[in-house]
Amino acid sequence: MKQSVSFRDLGSMDYKTAWDYQESLLQTNLRVKLEARGQKSNVGSRMSEVESREPQRKTTEVEPATRNYLLFVEHPPVFTIGKNGNMSNVLMSEERLQERGIGFFRTNRGGDITFYGPQQIVGYPILDLEKFDTDIGHYLRNLEQLIILTLGDYGIAAGRSPGETGVWIDAGIKGKERKVCAIGVRCSRWITMHGFAFNVNTDLNYFNLIIPCGIQNKQVTSLKKELGYNVDMEEVKRRVKNNFEKVFDVSLVDFGG
């Protein structure tokens, strides 16, 4: 039976509010895990006492009732930098960014500096990887794959760039490499948060204010730029959702809470 993932489109939401919401879902799952482990420990000790008298009885496993989520959101213009990011990749002071109405946050995700903004699909999966695959590298490759498949739906051949997390077009052609989706995650006790930022009709001029992901001399692109026309956001979201279900072998279920 497929895992169920609760899906919610948050619409337009400021970065800090969405971050706090992700954190609340992650913390709830962590509490569930800790409680389940406590129950398992208690059950194990009780069963050990019984087994000393009745060897045929076995310990009962307690499955953590964690809940998986996928959130979509569009943020007002904001730059975020990962916990190991280099501030030299931000080409403008925080004061100047504020003057231009651009937010700035230091985060607890992996990766370096990136941009979030309107007409970009930002996806935040909060998944219990113990119910999938406890391999962060494989999880990152799956996030890349769902965007690669989505681009393929539009006839665009995309792939990976060795040693550089994210989704690229013409990654193997020097001087033509361009990144269309940035990825950065956090994982705590195998519960994930943060995720991917897929440029759809995104204003790419914002990327001129940073060295995106700390990668020199490579371009950033969008689905709109590659196709040459404005793309319907809702259609792209449907395709990303469908490909998420395929790649992770799950069923998405809408929720409103």
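These legends describe close-up views of a predicted model.

Residues are numbered from 1 along each chain as its sequence is written, and side-chain values use heavy atoms, with hydrogens and water left out. Because the model is predicted, local features need pLDDT of at least 70 and side-chain atom pairs count only at pLDDT 80 or more, while totals for chains, interfaces and linings use all residues.

**View 1. The whole protein, with its secondary structure and surface.**
The secondary structure comes to five helices and 12 strands. Helices (H or I, at least four residues) and strands (E, at least two) are DSSP runs, numbered from the N terminus. Of the 257 residues, 49% count as buried. Buried means under 20% relative accessible area, exposed means over 50%, and partly exposed lies in between (1.4 Å probe, protein chains only). The protein exposes about 12,500 Å², and carbon and sulfur atoms supply 46% of that area. Accessible areas come from the Shrake-Rupley method with a 1.4 Å probe; for residues, only the protein chains shown count as cover. Among contacts (heavy atoms within 4.5 Å) with a separation of 6 or more, 75% join residues 24 or more positions apart.

**View 2. The salt bridge between Lys33 and Glu130.**
A salt bridge is a side-chain nitrogen of Lys or Arg within 4 Å of a carboxyl oxygen of Asp or Glu. By this rule the protein has 17 salt bridges. In the pair shown, the closest N and O atoms of Lys33 and Glu130 are 2.5 Å apart. Lys33 lies in helix H1 (residues 15–53) and Glu130 in the loop between strand S6 (120–126) and helix H3 (136–153), so the pair ties together parts that are 97 residues apart in sequence. Lys33 is buried, at a relative accessible area of 1%. Glu130 is partly exposed, at 43%.

H3 has 18 residues, which at 1.5 Å a residue should span 26 Å; its end C-alpha atoms are 26 Å apart, in agreement. The expected span is 1.5 Å times one less than the number of residues. At the start of H3, a side-chain oxygen of Asp135 reaches to within 3.0 Å of the backbone nitrogen of Gly137. Just after H3, Gly155 takes a positive phi of about 80 degrees. The buried residues of H3 include Tyr139, Leu140, Leu143, Leu146 and Ile147.

Arg141 forms a salt bridge with Glu144, with the closest N and O atoms 2.7 Å apart. Both residues lie in H3, three residues apart, about one turn of the helix. Arg141 counts as partly exposed, at 30% relative accessibility. Glu144 counts as buried, at 1%.

**View 3. Arg178 and its partners.**
Arg178 is found in strand S9. Arg178 is buried, with a relative accessible area of 16%. Asp170 forms a salt bridge with Arg178, the closest N and O atoms being 2.8 Å apart. Asp170 is partly exposed, at 28%. Salt bridges that share partners also join Lys33, Arg37, Asp128 and Glu130 into one network. The side chain of Arg178 makes a polar contact with the side chain of Glu226 at 2.8 Å. A polar contact is a pair of N or O atoms within 3.5 Å; within protein, one must be able to donate a hydrogen and the other to accept it, and residues adjacent in sequence count only if both atoms are side-chain atoms. The backbone oxygen of Lys176 lies 2.8 Å from a polar atom of the Arg178 side chain. Not counting residues up to four places away in sequence, Arg178 touches several residues, among them Val167, Trp168, Gln219 and Thr221.

**View 4. Strand S8 and its two neighbours.**
S8 is mostly covered, with five of its six residues buried. Strand S7 (residues 159–161) and S8 run antiparallel and are joined by two bridges. Two strands pair if DSSP finds at least two bridges between them. Gly159 has Trp168 of S8 as its bridge partner. The hairpin of S7 and S8 has two residues between the strands, and in this hairpin Gly163 takes a positive phi near 80 degrees. S8 also pairs with S9 in the antiparallel sense, over three bridges. Ile169 stands opposite Arg178 in S9.

**View 5. Gly172 in the loop between S8 and S9.**
Gly172 lies in the loop between S8 (164–169) and S9 (178–188). Gly172 is exposed, with a relative accessible area of 78%. The C-alpha atoms of Gly172 and Arg160 are separated by 9.0 Å, and the two residues are 12 residues apart along the chain.
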